[in-house]
Amino acid sequence: MNRKKLQKLTDTLAKNCKHLFRGFDKDNDGCVNVLEWIHGLSLFLRGSLEEKMKYCFEVFDLNGDGFISKEEMFHMLKNSLLKQPSEEDSDERIKDLVEMTLKKMDHDHDGKLSFADYELAVREETLLLEAFGPCLPDLKSQMEFEAQVFKDPNEFNDM
């Protein structure tokens, strides 16, 4: 498969996933090696809820300290919400949303989300899996990706 075809496949799978690269690059070396690629695809296409929770939490934990802080929530929500041209106080609304999110998800009430907080909240309400922005492909993207990859297995021989 040539570079152009692979790029098209990747774009199909990740069109709504802003943090795809960071989530795949587990060793943070700036490259996605073959094992990271295979692990990422496995998670995206056949991952369990537990695997997807770990992946999403790692993506949302921007500084890698094991917690999702108010600042990280604010940053992700600000970047993922649609901006309305007439909204002057959108930062205040996002801060309110962060506070509401903490009230719902911060079970130990320490002002930040640990993985335990996040996991408990997601198990109670699976819609919270991507609470801070999309990081997993939707079903339609998965199906398009699989249809392209498995359409002609011989296409991979020229890789």
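Visitor: How many helices and strands are there in the protein chain?
Guide: This is a predicted model, in which local features need pLDDT of at least 70, side-chain atom pairs count only at pLDDT 80 or more, and totals for chains, interfaces and linings use all residues. Residues are numbered from 1 along each chain as its sequence is written; side-chain values use heavy atoms, with hydrogens and water left out. Helices (H or I, at least four residues) and strands (E, at least two) are DSSP runs, numbered from the N terminus. The protein chain has 8 helices and 2 strands.

Visitor: In what order do the elements of the protein chain run?
Guide: Strand S1 covers 67-68 and strand S2 covers 113-114. Read from the N terminus on, the elements are α-α-α-α-β-α-α-β-α-α.

Visitor: What percentage of the residues of the protein chain count as buried?
Guide: Buried means under 20% relative accessible area, exposed over 50%, and partly exposed in between, with a 1.4 Å probe and protein chains only. The chain has 159 residues, and the buried part is 36%.

Visitor: What share of the contacts with a separation of 6 or more comes from residues 24 or more positions apart?
Guide: Contact means heavy atoms within 4.5 Å. In the protein chain, such residues account for 61%.

Visitor: Which spans does the UniProt annotation "domain: EF-hand" cover?
Guide: The record is an unreviewed entry. Its positions follow the numbering used here, feature names are shortened, and annotations may be inferred rather than shown by experiment.

Visitor: How far apart are the end C-alpha atoms of residues 93-128?
Guide: This span is 64% helix and 6% strand. Its end C-alpha atoms are separated by 19 Å.

Visitor: What volume does the second largest pocket have?
Guide: On a 1 Å grid over the protein atoms alone, a pocket is an open set of points where a 1.4 Å probe fits, with protein on both sides within 12 Å along at least five of seven lines; lining residues have an atom within 4 Å of a point. Grid points are joined across faces, edges and corners, and a volume is the space filled by probe spheres set on the points. For this pocket the volume is about 190 Å³.

Visitor: Which helices each supply at least two residues of the lining of the second largest pocket?
Guide: The lining includes Arg22, Gly23, Glu58 and Val59. At least three lining residues come from each of domain 1 (1-46) and domain 2 (48-140), with bounds from an automatic or database domain assignment. The helices are H2 (20-24) and H4 (49-60).

Visitor: How many charged residues are in the lining of the second largest pocket?
Guide: Ala, Val, Leu, Ile, Met, Phe, Trp, Tyr, Cys and Pro count as nonpolar, Asp, Glu, Lys and Arg as charged, and the others, Gly among them, as polar. The lining has 2 nonpolar and 3 polar residues, and its charged residues number 5.

Visitor: Is Asn28 buried or exposed?
Guide: Asn28 is also one of the pocket-lining residues. Its place is the loop between H2 and helix H3 (34-46), and its phi is positive, about 50°, although it is not a glycine. Most residues other than glycine have a negative phi. At a relative accessible area of 61%, Asn28 is exposed.

Visitor: What is the phi of His109?
Guide: His109 sits in the loop between H6 and S2. Because its relative accessible area is 68%, His109 counts as exposed. It is not a glycine, yet its phi is positive, about 55°.

Visitor: Which residues of helix H5 (residues 70-80) are buried?
Guide: Their cover includes H4, S1, helix H6 (90-105) and S2. The buried residues are Glu72, Met73, Phe74, Met76 and Leu77.

Visitor: Leaving aside neighbours within four places in sequence, which residues does Leu97 contact?
Guide: Leu97 is in helix H6 and is partly exposed because its relative accessibility is 28%. Its C-alpha lies 9.2 Å from that of Met73, 24 residues away in sequence. Beyond those neighbours, Leu97 contacts Leu77 and Leu81.

Visitor: Is Glu36 buried or exposed?
Guide: Glu36 is in helix H3. Leaving aside neighbours within four places in sequence, its contacts are Phe24, Asp25, Lys26, Asp27 and Cys31. With a relative accessible area of 7%, Glu36 is buried.

Visitor: How far apart in space are Phe115 and Gly66, C-alpha to C-alpha?
Guide: Phe115 is in helix H7 (residues 115-124). Leaving aside neighbours within four places in sequence, Phe115 contacts Met53, Lys54, Phe57 and Gly66. Phe115 and Gly66 are 49 residues apart in sequence, and in space they are separated by 7.1 Å.
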